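The sequence and the structure come first.

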Amino acid sequence: MTLKRKLFAAAAGAILAPVLVVVLPATSASAHGYISDPPSRQANCAAGKVPDCGNIIYEPQSVEGPKGLRSCNAGLGQFAQLADESKPWPAKSVGTTVTFNWVFTARHATSNYEYYIGNTRVADIPGNNQQPPATVSHTVNLAGYSGRVKVLAIWNISDTANAFYSCVDLQIGGGGTPPPTTTPPPTTTPPPTTTPPPTTTPPAGGTWAAGKAYKVGDVVTYGGASYRCLQAHTAIAGWEPPNTPALWQRQ
Amino acid sequence: MRLLLVAVALLLAGCGSGATASAPSYNAADVMFLQMLIPQNQQGIEIVRLSKDRALPADLKVLAAAIESTQQTEVDDMKGWLRGWNQPETMDMNPQAHAGHGGMKMAATDLVGTLEAAPDAEFGRKFLDVLTGQQQGAVELAQTENGTNGGVNAQARDLARRVIESRSAEVKQLLNFKL
């Protein structure tokens, strides 16, 4: 490598680095799981139901920390939002028997799954040091609890010292007790069907817009060219017309 | 005309610097990213195809079909790039070789078979959870490609950006379905 090239590479790195920091969450890519339904806090963040969640929206499966914690964010600074009780966490209305569904990106051998309400362990489900199957759901009896409750679910990995943490906010029982004053009603969150365009999308100029539902035959412009829709879909960042010839035909 | 000449000159300069032996257009991380994303995408395609014969919300079927066709384009592109680099399309099956990529995503667990066998009453929930995990697994591969010690190839890195954006947006939709 010539000095000139080195300098160029260094300059390019210096230019690119801040951009990458903004766009891409810093990560040690190893992988994991969380509760999808009733939605955990990280699931609500990734679903766009809670504002200003930070990088957790890219990796709700990564709330990993040492075993034995009792926090929603596994003590991780980069996911501090998950432990912020002032955020408007939606609480799903449920009965006293609740089925928790998990999403995994890696199926670590499992010692057990624990569910806590406060300091009380309300369920302990063995994993038998086996890999989880394709899908995992646990039905937990929450009889005796009513009103707004925060459940902390912990997935304890058997071949590491770590666990994965998911906090799930629930509204147990029909009428129940009113939610605490710190929690605004979930009606204030925008309806999930309208997907705001992600801020990471480069403005390319044109009528194409992430979040918009297109049907076959619709015509958009993007980057100075015109495209006709070949397959119905809702546009998302990363599916810009030049990159998705199966969805868009250049006119 | 003068503008055109300048543009051509810049283009040639760009080509020149890219073609010298000391500046490889790709590295081992790029190759591994593509070799891992190809089967990840293919398994994702197998999963979304299972939605066709099931009773699911129309919106979910539309999303599944769009995932299928966009990921097929990606697979075709990736295979083309690997061929152009004279690199195999399939990966070194030694799991240790992929430790830096967070290990093999293609776990032994039979995701597709399990979903296929699920009764209708359970299919929707399982489909959402398996597909969500599958797509987030692709994000993890892409974060590695675009992270420290990641890839250097501009096309592969742009694909990684698109994977992070599109899969995160897909997951956002998946997490909003009530089944």
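In chain A the disulfides, with bonded cysteines counted along the chain, follow the pattern 1-2, 3-4. The model is a predicted one, in which local features need pLDDT of at least 70, side-chain atom pairs count only at pLDDT 80 or more, and totals for chains, interfaces and linings use all residues. Residues are numbered from 1 along each chain as its sequence is written, chains are lettered from A and ligands numbered from 1 in the order in which they are written, and side-chain values use heavy atoms, with hydrogens and water left out.

**Disulfides**

A disulfide is taken here as a pair of cysteine sulfur atoms within 2.5 Å. Over all chains, a search of the whole structure finds two disulfides. The table lists them.

| Disulfide | S to S distance | Torsion about the S-S bond |
|---|---|---|
| A:Cys45 and A:Cys53 | 2.1 Å | about -70° |
| A:Cys72 and A:Cys167 | 2.0 Å | -80° |

The torsion of A:Cys45 and A:Cys53 is about -70°, so this disulfide is left-handed. The link of A:Cys72 and A:Cys167 is left-handed, with -80° about the S-S bond. A:Cys72 lies in the loop between strand 2 (64-66) and strand 3 (92-94) of chain A, and A:Cys167 in strand 9 (residues 162-172) of chain A, so the pair ties together parts that are 95 residues apart in sequence. Strands are DSSP runs (E, at least two residues), numbered from the N terminus.

Burial is judged by relative accessible area (buried under 20%, exposed over 50%, partly exposed in between; 1.4 Å probe, protein chains only). A:Cys45 and A:Cys53 are buried, and A:Cys72 and A:Cys167 are buried as well. A:Cys229 is also buried, with a relative accessible area of 0%.

**Aromatic contacts**

Rings of Phe, Tyr and Trp (its six-membered ring) pair if their centres lie within 6.5 Å; planes under 30 degrees apart count as stacked, over 60 as edge-to-face and the rest as tilted. By this rule there are 10 aromatic pairs over all chains. One of them is the edge-to-face pair of A:Phe104 and A:Trp155, 4.8 Å centre to centre with 65° between the planes. This pair links A:Phe104 in strand 4 (residues 97-104) of chain A with A:Trp155 in strand 8 (residues 147-157) of chain A, 51 residues apart. Both A:Phe104 and A:Trp155 are buried. A:Tyr214 and A:Trp248 have ring centres 5.0 Å apart and planes at 75°, so their pair is edge-to-face.

A:Trp102, A:Phe104, A:Tyr113, A:Trp155 and A:Phe164 form one aromatic cluster.

Technical notes
Helix = DSSP H or I, 4+ residues; strand = E, 2+ residues; numbered from the N terminus.
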